[in-house]
Amino acid sequence: MTLCAFKTQHPRKPGLGLCLASAVGLALAGCASDARLQDFSAAAGAPGAAREATFCTASYQEMTIPVGDTFAEGEQVRDYYSGRTATVRNGRVTLAPAEGSEGLVLLESAGTESGSFQWAGATVYFAVTDRFANGRTDNDWNYGRQPDGKEEIGTFHGGDFAGLTDKLDYLQNLGVNALWITPPFEQIHGWVGGGNQGDFQHYGYHGYYALDFTVPDANFGTRDEFRTLVDEAHERGIRVVMDVVMNHPGYSTLQDMQTFDFGALYDGFEKHLPPRWGHWQPESWENYHAYHAFIDYDHPDWRRWWGKDWVRAGIADYDTPPTASIDPRRGSLAFLPDFKTEATRTVDLPVFLQHKETTRARPLENATVRDYLITWLTGWVREFGVDGFRVDTAKHVEPEAWQALKRRAQKALDDYRAANPGAPLPAKEFWMVAEVFPHSVQRSSYFDAGFDAVINFDLQEEAAAGARCLVNMEPIYADYADRLNGNQPFNVLSYISSHDTNLFSRIVGNDPALQKRAAAALLLTPGAVQVFYGDETGRRFGATGSDPHQGTRSDMNWADIDSGQATAILEHWQTLGQFRDRHPAIGAGAHTLISRQPYVFSRQTGDDRAVIAFGRK
């Protein structure tokens, strides 16, 4: 979600947000309280918390690797990184890490075949559609949107469904088995003032400012292109996870007021606007928040927008929401209109949707706000075969809504499978993962509300220590595996970079060595893991203005790949990603520490077995 931790705002002017927070993800605590962390860190030469661990250098010298009871005496094993084989003698093999492996030996049985996919060990690639790949340049500008001719911080950059489809082979080579995309819905057509200084135009390029949940945004592509993306992903065994929002729609904007005839300007103020209202520019002494001075937020024509029965927005006769810190369920996040998902009264379609020619929204009989939203969201599953939802701002909607969404999404997936018996659909069970800031590795009530996993906000900091020396990850790996595989198994989705916290490349000072070594810290983590686009290529932080999160959504650095600049990092991530994909046990299996020097551990689940060794100087 595109949010800051704290905001202030004119109570009558949605969209006029003043961000007072910095990147919130960097202050999250690691697992320093775990006694095993302190014990192992001391043994590894890194006393104290993992994030304070010192750097170690990878060794490429031949090493003797104990394999415990993972591989049988006389069994031939293969280092997946180098392709070299060895035979287990006296519970050990002797191998040298391959050049470029960062001291890693990835052992599997020489006769192994890829294990069966499990969400518990999934590798999920998160791409901000607009910033990933531009497959069609003829759809780059729609609804009167324009580039700003400056740093293009909050404008659309051209990424689309066609671009994602073009890069599916790239993702497959990375070992990705699930693709998370930002919300594909039609976004607000206009912009709001960006950042605490209103220093840039902020469009809904990220997908979290929905206008119409029933159709794709023209900048992202067509329905047929979305269908092609899902079908082609399924052909490659890649599941598609769609980001969804039930907490809020997008802000109102000047352009949408004009296009859909809702709200009102103060009398006579239209003469201060250009013929197309969304093309208004502030004077030299103004910023992009100044357009609010034209708008009469008390006018009765705001009923023609979402309407007071649908959202709390604090304008006209709409209810005024509390802040989310006071009431997480009915409060407003970043002063976005808050959907009344808890309401039991039936509602009509919002007036602007009743008159919107391109919508697929239709009146539903005896439907609540929640009923409409769930119908719209699950429609994408029923029509296209979407495999899962990443649910935005889950703690700000009542659990009953998520339970209902999960039930109906599963029914929609079942309907799709019945209607498309020959489709290469990898998923039978619909998967849902929740964004609940700042959730860690714990089994919370969200797992009883329909969620199969929750995003883990802890690993970003912990992985920085792991990039400096992989041995620092042992107490974290052991703790995660113990928690996830306990009496009540559950799953989390861990990451090192995010669109709402920071890029790992920035955390480690754009050090390519640490960006490369972070692959092991992340991809060997128990549970599901999320690769944020460009983690595997050292993508740099971009232009950000007065909003510290915008820079995390810079354009994918394809030029670095094409020029060979990112080759060493990318090939390392590909090898580790493919190994993880071959062995679901890495994410879903039991973790056993076999040796401290060299650092060796195993992961096993069912018949799937892997041993990872790390040589260091």
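Four bridges link strand β8 (residues 123-127) to strand β21 (residues 528-532), and the two run parallel; helices (H or I, at least four residues) and strands (E, at least two) are DSSP runs, numbered from the N terminus. Strands are taken to pair if DSSP finds at least two bridges between them. The model is a predicted one, in which local features need pLDDT of at least 70 and side-chain atom pairs count only at pLDDT 80 or more, while totals for chains, interfaces and linings use all residues. Residues are numbered from 1 along each chain as its sequence is written, and side-chain values use heavy atoms, with hydrogens and water left out.

Five of the five residues of β8 are buried, where buried means under 20% relative accessible area, exposed over 50% and partly exposed in between (1.4 Å probe, protein chains only). In a regular strand the side chains alternate between the two faces of the sheet. In β8, Thr 123, Tyr 125 and Ala 127 lie on one side and Val 124 and Phe 126 on the other, and both faces are covered.

A second sheet deserves a look of its own. Six strands make up an open sheet in the order β5-β4-β7-β24-β23-β22, with antiparallel pairing. Its edge strands, each pairing on one side only, are β5 (85-87) and β22 (590-595). From one strand to the next the twist averages 25°; axes are lines fitted to C-alpha atoms, for helices over the stretch in contact, and angles run from 0 to 180 degrees between N-to-C directions. Helix α11 (residues 474-484) packs on this sheet, touching β22 and β23 (599-605), and its direction makes about 150° with that of β22; contact means heavy atoms within 4.5 Å. Nine of the eleven residues of α11 are buried, so the helix is largely enclosed by the rest of the structure. Inside the sheet, four bridges join β7 (residues 104-109) to β24 (residues 608-614), with Leu 106 opposite Ile 612.

His 583, in the loop between α15 (567-582) and α16 (585-588), is buried at 0% relative accessibility. Leaving aside neighbours within four places in sequence, His 583 contacts Glu 108, Thr 112, Asp 608, Arg 609 and Ala 610.

Aromatic pairs come to 51, counting rings of Phe, Tyr and Trp (its six-membered ring) with centres within 6.5 Å; planes under 30 degrees apart count as stacked, over 60 as edge-to-face and the rest as tilted. Trp 280 and Phe 294 form an edge-to-face pair, 5.7 Å centre to centre with 90° between the planes, and both residues are buried.
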